[in-house]
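Please keep the model in view while reading the numbered points.

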Amino acid sequence: MIDIKMLERKAEGGPSYLETYRQSLVNRGSSTDVLDQILELNKRRKELITQAEQAKSKQNKVSGEIAQLKRAQQDASSLIAEMGTLSAQVKEMEASAAKADEEVQGLLMTIPNHPRAEVPVGASADDNKLVSTWGEPKKFAFKPKEHWEIGEKLGIIDFERAGKVTGARFSFLKGAAARLERALMQFMMDTHSNEGGYTEMIPPFIVNSNSLTGTGNFPKFKEDVFHLEGSDYYLIPTAEVPVTNYYNNELLSEADLPQMFCAYSPCFRSEAGSHGRDTKGLIRQHQFNKVELMIFAHPEKSNELHEKLTSDAEKILQRLELPYRRMLLCTGDMGFGSAKTYDLEVWLPGQNAFREISSCSNFEDFQARRANIRFRPANGKPQFVHTLNGSGLAVGRTLLAILENYQHEDGSVAVPKVLAPYMGGLHEIR
């Protein structure tokens, strides 16, 4: 959430925050009209508060005059009537000011974060910046198959029966695929907790609307989540939501920072607006597993910790020997709440393309302001923490990347060496 005080702050020797933020909206491809609406409403709110305070001051003054008249046994009825009218006007002004404030806060909830200066300006994924690559895509002596073909041929992924049981974009994982999914979860959690310094967490898989507002999912992306009818409960789209809100409305000490968690959870997404995209396979499912990395950081350390978090996600891909690239997202492709995002894209030979497997973002104080998560410096007033998160990794997409990268011409699939201990010594899926 953007600080209204920053939008109203006067420029000091350079462009104002309002000017740079307005340009950032243009760079994101968003309308700037809402900014003028917010500022006009807030100006009106302040005017109403000033008028109410002036009226109250007059009330206090005239109340003294009324008291003097009464003591002198003189008629004060006209002043009493005037004050009755003024009192009603004060109540009306205060109610209007409160309504304007509510509208301002509501509109502030709908505008995106301010991208960091180093984020490239662009309109779409075509304008993202390649930061680095790792590994060489394997050259196959045959035309590599897509993961869904491999899984169905091996009898370890069943989309048809999942469609019968639930509907489109669900799957059954069976046998070696189910074990591989479980192995990946444990491998990721072990690596992040034992080596990365993250505390393991399994959060609630259902949250309330306040938590979704805190992370920026509500009100703008309400259609993307599954609602449990008749309640204020929603299935989580990612562990980011419950873990970010772990410290909702709390004040931490400076010594508490950073707080780092790795959280396993299933994720549930309606995939609204994605009709016709990735309808086959595991890429875009309504339900999938993920290991999330989450950091609550001191503002001075968040950029440094963003690099660490991204590197920690990369470590999983490196251990699995899956070729990937790191992309810095441009203004037009980054998420609503992000100030800076790296996407890790894994190579899928069956698709002959790189596909996103992790998105690692620094939200700075955008989420913390919405969820009221602050810390108290050793000397100074409380400040909002910076929040960061990223997939470490999306488990289903990692599984499909293994199927495609480790496939053999006869349809079998090798198991990555690092996963063999988690697979009971199984080295090949046939």
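1. Helix α7 lies across strands β4, β9 (259-268), β10 and β16, and runs at about 10 degrees to β10. Helices (H or I, at least four residues) and strands (E, at least two) are DSSP runs, numbered from the N terminus. Axes are lines fitted to C-alpha atoms, for helices over the stretch in contact, and angles run from 0 to 180 degrees between N-to-C directions. Contact means heavy atoms within 4.5 Å.

2. Helix α10 (residues 302-319) also packs on the sheet, where it touches β1, β9, β10, β11 (324-328), β12 (340-348), β13 (353-364) and β16. The direction of α10 makes about 5 degrees with that of β16.

3. The model is predicted: local features need pLDDT of at least 70 and side-chain atom pairs count only at pLDDT 80 or more, while totals for chains, interfaces and linings use all residues. Residues are numbered from 1 along each chain as its sequence is written, and side-chain values use heavy atoms, with hydrogens and water left out.

4. The sheet is open and has eight strands in the order β1-β11-β12-β13-β16-β10-β9-β4, with mixed pairing. Its edge strands, β1 (129-134) and β4 (199-201), each pair on one side only. Two strands pair if DSSP finds at least two bridges between them. On average, and with direction ignored, neighbouring strands of this sheet are turned by 25 degrees against each other.

5. In which sense do β10 and β16 pair? Strand β10 (residues 287-297) and strand β16 (residues 386-394) are antiparallel and share seven bridges. The bridge partner of F296 in β16 is T387. Strand β16 also contains L393, and the peptide bond from G392 to L393 is cis, with omega near 25 degrees.

6. A further cis peptide bond joins L257 to P258, with omega near -5 degrees. P258 is found in the loop between β8 (251-253) and β9.

7. Which residues touch the most other members of the largest nonpolar core? They are L184 and L419, in a core of 53 residues. Helix α7 (residues 175-195) supplies the largest share of this core, nine residues. A nonpolar core is a set of buried Ala, Val, Leu, Ile, Met, Phe, Trp, Tyr and Cys residues joined through side-chain atoms within 4.5 Å. Buried means under 20% relative accessible area, exposed over 50%, and partly exposed in between (1.4 Å probe, protein chains only). Leaving aside residues up to four places away in sequence, L419 touches L180, A183, L184, F187, L320 and I402. A second, separate core has 20 residues, including I4, L39, V104 and F336.

8. Helix α10 has 18 residues and reaches 26 Å from its first C-alpha to its last, close to the 26 Å expected at 1.5 Å a residue. The expected span is 1.5 Å times one less than the number of residues. Its buried residues are S302, L305, H306, L309, T310, D312, A313, E314, I316 and L317. An α-helix has 3.6 residues a turn, so residues three or four places apart point the same way. E321, which follows α10, has a positive phi, near 55 degrees.

9. R169 and N249 also deserve attention. R169, in the loop between α6 (159-165) and β3 (172-173), is a residue other than glycine with a positive phi, near 65 degrees. N249, in the loop between α9 (240-244) and β8, has a positive phi near 60 degrees. Are these residues buried or exposed? R169 counts as buried because its relative accessibility is 13%, whereas N249 is exposed, with a relative accessible area of 54%.
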